[in-house]
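This report describes one protein chain, part by part. Read it with the sequence and the structure side by side.

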Amino acid sequence: MMKRSYIKILGLLFVGTALVSCENEFDESVEDGDFYTAGEADFSNYVTVGNSLTAGFADGALYLQGQQNSYPNIIAGQLEHVGGGEFFQPLVNDNLGGLLAGGNQITDNRFVLAVDADGNPGPAIQSGTPTTDITNKVTGPLNNFGVPGAKSYHLAAPGYGSVAGVAMGTANPYYARFSSSETSTVIQDAAAANPTFFTLWIGNNDILGYATSGGTKVDPSTGEVVAAEDHNVTGNVDPSTYAGNDITNNMVFAGVYSQLVTALTANGAKGALVNIPDVTSIPFFTTVPPLALSPADPTFGPQIPLLNQVYGGLNQVFAAFGQADRSIQFSSTGASGIVIRDESLADLSQNPAFATALTPVVQGIGAAVGLPLSPAQAAGLAQVLAPQFGQIRQATADDLVTLRAASVIGTLDQDRFNQLNTVFTQGGIPAQTAATLAGQFSVNGVTVGMANQFVLTTDEQDNVADAQASYNATISQLAAANGLALVDARAELQTVAQGGVPFNGGLLTSEFVTGGAFSLDGVHPTPRGYAYTANAIIEAINAQYGSTIPMVNIGQYGTIQTSNIID
């Protein structure tokens, strides 16, 4: 059976690929020939509101260059051609991106692309001590009210920018840096900036945390990973009770979003509303294939016959329990799905007969590896293995495996190894044999089902899609009702993901690292991706208000950055 294995998915992805240059590819500039017009809008005071995308978050952090290349800052530069004024952002101090609170680091530094000891490039945390302390408040006028991590209802929550609340987990450190008071709200501060024009992009995080966590959350009372809630299923409309990864109820979103639009248009300002993209089309979900096990992998391929022999016995048990569709088999000629734990399945281990049925399977395994087991030993081991196999199945092409799984698939589950090794040893199996056997039953994605947080199943994808559709319907209705521009970010992202967007000298795609659109966290754009976003928003503004704001050349913006100065 398979010994410790490591499926170097990321390494394979990078082999043979040229790193994308961060150098500007063009020296073209926008020429202002006095023919750009503002149309029906007044852009003299542009204010933007949203989450991490609006703030310029990238590579897993908020750093200076990211903010300078945020889509609002790019738009503000173009608005100068049509009467736009100065644009002030709550800039951080450095390009590391980590935050301090009273001198103690509370958020990680950014990712950079680095090469490991085996020569494989991949994302790594940049080393260094950040210098941005949230207790040093940003003062003065502001135009960018993007708050990383914010959900729709957070923008209207008093105390969300409380420095004291950050330590208690009730406030957001990014907003705490620039909130006007300990009790202010984001939308109050944004409205107080008295915009003549605004953009609003919020709602992504109302579903994103659910998606990127594989529909899970950590139970604070036990520390265990449990299923996150979809509050369109629970009917809970009290966001104060929501966990961070829960899906926001559609009615809550609609009510809050309407309040935000009302506040931003109170003084007659015009603006643009940006809808919610399909979060499942981003590299975080499309980089690691669900069929990730290749027979050509020298650490996996030779194990396939024995694995199929073992799972053959288990498949017969599945069939006997009416669960034949859970059958697991690895191909010796093509890619095979990883083994996943799916908690939507009935847990067969709760039925005592399941362990009994596993006993002859365990005896067969022992014989196959040269370890004859007595009936009592086999029965005891079956009791131990039953929970491991009670809710597993093989991933299909419809499952989405997260980027975080790349470094886990094929590795040893140390906790499971320790548990099994102890049980095997106590069961009278010689120490060396016990360790070997425990290792064979502790390989993530092969003999141990990948944990829920690494996979977004089709049922969970449906929850995300349903909420997103409702949110976007609300955004569209409010844009129409208030005469605001509507930016179809969902369609724009689909264009990038489905073939890419050509530009002078290249093609912008959603391929991780090499596509140019997404940063190393697999979720947020690169400067080039943000430039593309800015153009999409400008285009919608021009269409709504008859303005002629010039777009930018996305080729002039960089992509990922490399460094080997890492932790």
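## Strands β11 and β16

In this predicted model, strand β11 covers residues 270–274 and pairs with β16 in the parallel sense. Three bridges join β11 and β16.

## The whole sheet

In what order do the strands of the open sheet stand? The order is β7-β1-β8-β11-β16, five strands with parallel pairing. β7 (144–146) and β16 (485–487) are at the edges. Each of these two has a single partner strand, so one of its sides has no neighbour in the sheet. From one strand to the next, the twist averages 15°.

## Strand β8

Strand β8 is joined to β1, residues 46–50, by five bridges, and the two run parallel. Across this pairing, Y46 stands opposite F197 of β8. Strand β8 also runs parallel to β11, with four bridges between them. Here F198 has G271 of β11 as its bridge partner.

Is β8 enclosed or open? Five of its five residues are buried, so β8 is largely enclosed by the rest of the structure. In a regular strand, side chains alternate between the two faces of the sheet. In β8, F197, T199 and W201 point one way, while F198 and L200 point the other way. All of these residues are buried.

## Aromatic rings

The protein has 19 aromatic pairs. One of them is formed by F57 and Y174, whose ring centres are 6.3 Å apart with 80° between the planes, an edge-to-face arrangement. This pair links distant parts of the chain, 117 residues apart. F57 lies in the loop between α2 and α3, and Y174 lies in helix α6, residues 173–176. Both residues are buried.

Ring pairs also link F43, Y46, F87, F197 and Y545 into a cluster. A charge over a ring is found at Y63, where the charged end of R110 sits 3.8 Å from the ring centre.

## Two residues with positive phi

Most residues other than glycine have a negative phi. D59 has a positive phi, near 55°, although it is not glycine. D59 is placed in the loop between α2 (52–55) and α3 (64–68). Its relative accessible area is 4%, so D59 is buried.

N194 is another non-glycine residue with a positive phi, near 55°. Its place is in the loop between α7 (186–192) and β8. Is N194 buried or partly exposed? With a relative accessible area of 46%, N194 is partly exposed.

## Tyrosine 153

Y153 belongs to the loop between β7 and α5 (163–168). Its relative accessibility is 11%, so Y153 counts as buried. Which residues is Y153 in contact with, leaving aside its neighbours within four places in sequence? They are D206, P239, Y242, T248, V252 and V256.

In sequence, Y153 and S221 are 68 residues apart. In space, their C-alpha atoms are 24 Å apart.

## The protein as a whole

The secondary structure comes to 19 helices and 18 strands. The radius of gyration is 26 Å, close to the 24 Å that the globule rule gives for 567 residues, so the protein is as compact as a globular protein of that length. Along its principal axes, the C-alpha trace spans about 85 × 50 × 45 Å.

Of the 567 residues, 55% are buried. How much of the contact between residues at least 6 apart in sequence joins residues at least 24 apart? The share is 77% of those contacts.

Terms used: Residues are numbered from 1 along each chain as its sequence is written. This is a predicted model: local features need pLDDT of at least 70, side-chain atom pairs count only at pLDDT 80 or more; totals for chains, interfaces and linings use all residues. Side-chain values use heavy atoms; hydrogens and water are left out. Two strands pair if DSSP finds at least two bridges between them. Axes are lines fitted to C-alpha atoms, for helices over the stretch in contact, and angles run from 0 to 180 degrees between N-to-C directions. Buried means under 20% relative accessible area, exposed over 50%, partly exposed in between (1.4 Å probe, protein chains only). Rings of Phe, Tyr and Trp (its six-membered ring) pair if their centres lie within 6.5 Å; planes under 30 degrees apart count as stacked, over 60 as edge-to-face and the rest as tilted. A charge sits over a ring if NZ of Lys or CZ of Arg is within 6 Å of the ring centre and within 35 degrees of the ring normal. The radius of gyration is taken over C-alpha atoms; the globule rule is 2.2 Å times the number of residues to the power 0.38. Contact means heavy atoms within 4.5 Å.
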